[in-house]
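Let's work through some exercises together, with the sequence and the model open beside you. Try each task before you read the solution.

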Amino acid sequence: MTTPDPAGAPPAPAAPSGRPPLDDPFDVMFVGWSFFRGKLLTAAVDLGVFTALGEGRLDAGELRARTGLHPRGARDFLDALAAVGLLVREGDRYRNSPGTLRHLLPDRPGFVGGFLRMTSELMGGDDDALAGLLRSGDARGQNAGGEVPFTRIFHDPDRLRQFLSAMDGFSGAVAPGIADLVDWSAYSTFADIGGARGSLAAALAAAHPHLTGTVLDRPSMEPHFDALTAERGMERRLRFTGGDFFRDELPHADVVVLGGVLHDWPDERRALLLRKAHDAVHEGGAVIVYDTMIDDGREQAETLMLSLIMMLQSARARGFSPAECASWMTDAGFTVERTVRLPALTTAITGRRN
């Protein structure tokens with residue numbers, strides 16, 4: 001259940017209700033064929049359709065000439081990309097949709113194409129990956145020590161760059177909402193726990209010039225943090241601390257942010273991290289938790305599938321609901337104040353330390 005905004009704003013919108021039960025045979029078939037949407041996207045990236053269009057508009061013949069599309073499938077392919085929202089068709093011309101411009105052009109800061117391909121590979125294209133998880137509880141490729149293929153990206157510079165680029169894209173989607181989530185004029189410092197290379201921290205500092213912030217993440221992230229803060233002119237207002245947020249003390253601040261962190265861990269670890277956040281927040285300060293939470297009614301297919309995707313990639317991850325999160329926050333000593341839906345299937349919950 002959503003928590004009303006005490007300032008008088010309406011409560012966060014409820015998640016969409018579940019779809020009606022399927023009846024038509026082709027509706028059933030298209031659940032099984034839904035993987036083909038992903039095939040459309042990866043084919044368009046591989047063939048350079050989005051790059052060929054850029055900011056412009058081209059007809060099918062011009063796109064065929066630039067990408068090598070064969071006439072037999074080109075029109076249905078391009079119209080299918082438009083039908084799923086990746087392209088916009090205007091008469092006989094096509095252009096990239098706003099989301100495609102932001103997230104599927106390799107030269108854009110929000111590009112997620114490489115990350116999408118990488119994570120799709122890590123989940124496995126074989127039909128047994130999900131069934132294996134559901135039979136054993138193990139992530140795909142998990143070894144006896146609990147290591148999974150996803151962790152190897154931190155030792156692969158190219159894949160790590162893809163990962164960080166995608167995290168920047170997700171941070172960019174939620175940053176405006178986080179920047180408006182609390183009365184930041186009442187605070188002067190914040191700490192972003194597991195904040196990667198500081199994309200969200202830089203956005204908060206840009207939105208509120210009086211703030212200074214600290215990002216805590218694994219030590220190997222520091223060079224990437226240094227590059228981003230230099231690029232955005234934030235070297236004097238943001239600092240990096242390398243460490244392990246379970247073993248080390250969290251940076252003390254007026255506001256502690258936990259974004260996309262709790263889903264990686266079992267419940268007892270989540271509770272521990274929130275207790276540590278409570279210890280780190282100054283008296284009268286706040287905590288912000290945001291993540292791709294499952295709606296409380298468990299009716300939103302996308303967040304339920306995201307939870308399964310997390311389980312396929314991590315030995316301990318799973319999704320959780322706002323109600324669960326609010327309970328952990330309360331147990332840690334916070335007074336829960338707001339629950340707000342943000343873009344990118346994200347929910348944010350704020351709590352205050354009395």
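A word to start with: a residue is buried under 20% relative accessible area, exposed over 50% and partly exposed in between, using a 1.4 Å probe and protein chains only. The model is predicted, so local features need pLDDT of at least 70 and side-chain atom pairs count only at pLDDT 80 or more, while totals for chains, interfaces and linings use all residues. Residues are numbered from 1 along each chain as its sequence is written, and side-chain values use heavy atoms, with hydrogens and water left out.

**Exercise 1. Is Gly68 buried or exposed?**

Step 1: find the residue. Gly68 sits in the loop between α4 and α5 (71-83). Helices here are DSSP runs of H or I with at least four residues, strands are runs of E with at least two, and both are numbered from the N terminus.

Step 2: apply the cut-offs. Gly68 has a relative accessible area of 63%, so this residue is exposed.

Step 3: look across the fold. Val49 is 19 residues from Gly68 in sequence, and their C-alpha atoms are 9.7 Å apart.

**Exercise 2. Describe the surroundings of Phe50.**

Step 1: Phe50 belongs to helix α3. Its relative accessibility is 2%, so Phe50 counts as buried.

Step 2: list the contacts, meaning heavy atoms within 4.5 Å. Leaving out residues up to four places away in sequence, Phe50 touches Leu41, Ala44, Val45, Leu86, Leu87, Asn96, Thr100, Leu104 and Leu105.

Step 3: Ala205 is 155 residues away from Phe50 in sequence and 32 Å away in space, C-alpha to C-alpha.

**Exercise 3. Which residues form the nonpolar patch on the surface?**

Step 1: know the rule. Patch residues have over 30% relative accessible area and no salt bridge; like charges are joined within 9 Å, and nonpolar side chains (Val, Leu, Ile, Met, Phe, Trp, Tyr) within 5 Å.

Step 2: name the members. They are Phe26, Met29, Phe30, Trp33, Phe35 and Phe36, with about 660 Å² of accessible area together. Accessible areas come from the Shrake-Rupley method with a 1.4 Å probe, and for residues only the protein chains shown count as cover.

Step 3: assign them to elements. Two or more patch residues come from each of α1 (25-32) and α2 (35-47). The largest share, 3 residues, is from α1.

Step 4: check one member. Phe35 is in helix α2, and its relative accessible area of 47% makes it partly exposed.

**Exercise 4. Trace the salt bridges of Arg108.**

Step 1: recall that a salt bridge is a side-chain nitrogen of Lys or Arg within 4 Å of a carboxyl oxygen of Asp or Glu. The structure holds 14 of them.

Step 2: take the partner Glu55. Arg108 and Glu55 have their closest N and O atoms 2.9 Å apart. This pair links distant parts of the chain, 53 residues apart: Arg108 is in the loop between α6 (98-103) and α7 (113-123), and Glu55 in the loop between α3 (49-53) and β1 (58-59).

Step 3: take the partner Asp107. Here the closest N and O atoms of the bridge to Arg108 are 3.8 Å apart.

Step 4: Arg108 is partly exposed at 25%, while Glu55 is exposed at 59% and Asp107 is exposed at 64%.

**Exercise 5. How do α8 and α13 pack?**

Step 1: helix α8 (residues 128-136) meets helix α13 (residues 301-313) at about 85°, with axes 10 Å apart. Axes are lines fitted to C-alpha atoms, for helices over the stretch in contact, and angles run from 0 to 180 degrees between N-to-C directions.

Step 2: name the arrangement. The helices α8 and α13 are roughly perpendicular, a term for angles of 65 to 115 degrees; under 35 is roughly parallel, over 145 roughly antiparallel and the rest oblique.

Step 3: find the contact. Ala129, Leu130, Leu133 and Leu134 of α8 meet Leu308, Met311 and Leu312 of α13.
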